Amino acid sequence: MGKPYSVLVVDDHPLLRRGICQLITSDSDFTLFGEAGSGLDALSAIEDNEPDIILLDLNMKGMTGLDTLNALRQEGVTSRIVILTVSDAKQDVIRIIRAGADGYLLKDTEPDLLLEKLKNAMQGHRVISESVEEYLYELKDAADEDDWLSNLTPRELQILEQVAEGKSNRMISELLHISEGTVKVHVKNLLRKGHAKSRTEMAVRYLNQ
């Protein structure tokens, strides 16, 4: 394992937030990037630098987890964003994954399993609590089936293949000998062409073609 993954914890319950932060720092594979008690605090926390993972509560007062997720993705944040919530409502799961989250985990998840799932998320997997996993099949059925792949340039297709394998922008830039900024631009174009809100959604659609 290389350098530890940095995690930003966003939750408006101070006690719970502290517990999650302590859990993160108890595992040497992770380091605490910071903590935020609201969506606005989360946005200002990542102005200069992005964490590897943003662990985001859904039901926050004021700016909800969904609002925060939308704002982060609009800002072009490429961190893995994993929702950690008490809600197992079908509409929440579908709405959140459509909005570009890389995972949806319930707060009653065992601590060790939570850490394992976060590592899986960093390897490019979409992480979903088992009890709500079935809702994803409805998402798959609703996917727009237009032939978007035929509209991609050879370079975009090359980058899409790497994204589908779960590689980060940094890894792709090293592999293809182009700058990380160039990869970011290509990924944004891919998301637009594929009508996808996240790398994960785009990878799932590509792999299901």
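Predicted model: local features only at pLDDT ≥ 70, side-chain atom pairs only at ≥ 80, totals over all residues.
Reader: What are the bounds of domain 1 and domain 2, and how far apart are their C-alpha centres?

Author: Domain 1 covers 5–137 and domain 2 covers 145–208. Their C-alpha centres lie 23 Å apart.

Reader: How do you know that domain 1 and domain 2 are in contact?

Author: Contact requires heavy atoms within 4.5 Å. By that rule, 14 residues of domain 1 are in contact with 10 residues of domain 2. The two domains bury about 910 Å² between them, with 46% of that area on carbon and sulfur atoms. On the side of domain 1, Thr78, Arg80 and Arg126 lose the most area to domain 2, together 40% of what that side buries.

Reader: Why are Glu50 and Lys184 called a salt bridge?

Author: The cut-off is 4 Å between a side-chain nitrogen of Lys or Arg and a carboxyl oxygen of Asp or Glu. For the side chains of Glu50 and Lys184 the N to O value is 3.8 Å, which is within 4 Å, so the pair counts as a salt bridge. Across the interface of domain 1 and domain 2, the rule finds one salt bridge and two residue pairs in polar contact. The side of domain 1 that touches domain 2 has three nonpolar, five polar and six charged residues.

Reader: Why is His186 called buried?

Author: Buried means under 20% relative accessible area. His186 has 17% relative accessibility, so His186 counts as buried. His186 is in helix α9, residues 180–193. Leaving aside residues up to four places away in sequence, His186 touches Arg155, Glu156 and Ile159.

Notes
Residues numbered from 1 in each chain as written. Heavy atoms only, no water. Domains from an automatic or database assignment. Buried area = accessible area lost by both parts, 1.4 Å probe. Polar contact = N/O pair within 3.5 Å; in protein donor to acceptor, adjacent residues only side chain to side chain. Nonpolar A, V, L, I, M, F, W, Y, C, P; charged D, E, K, R; others polar. Helix = DSSP H or I, 4+ residues; strand = E, 2+ residues; numbered from the N terminus. Buried < 20%, exposed > 50% of the residue type's maximum accessible area, 1.4 Å probe, protein only.
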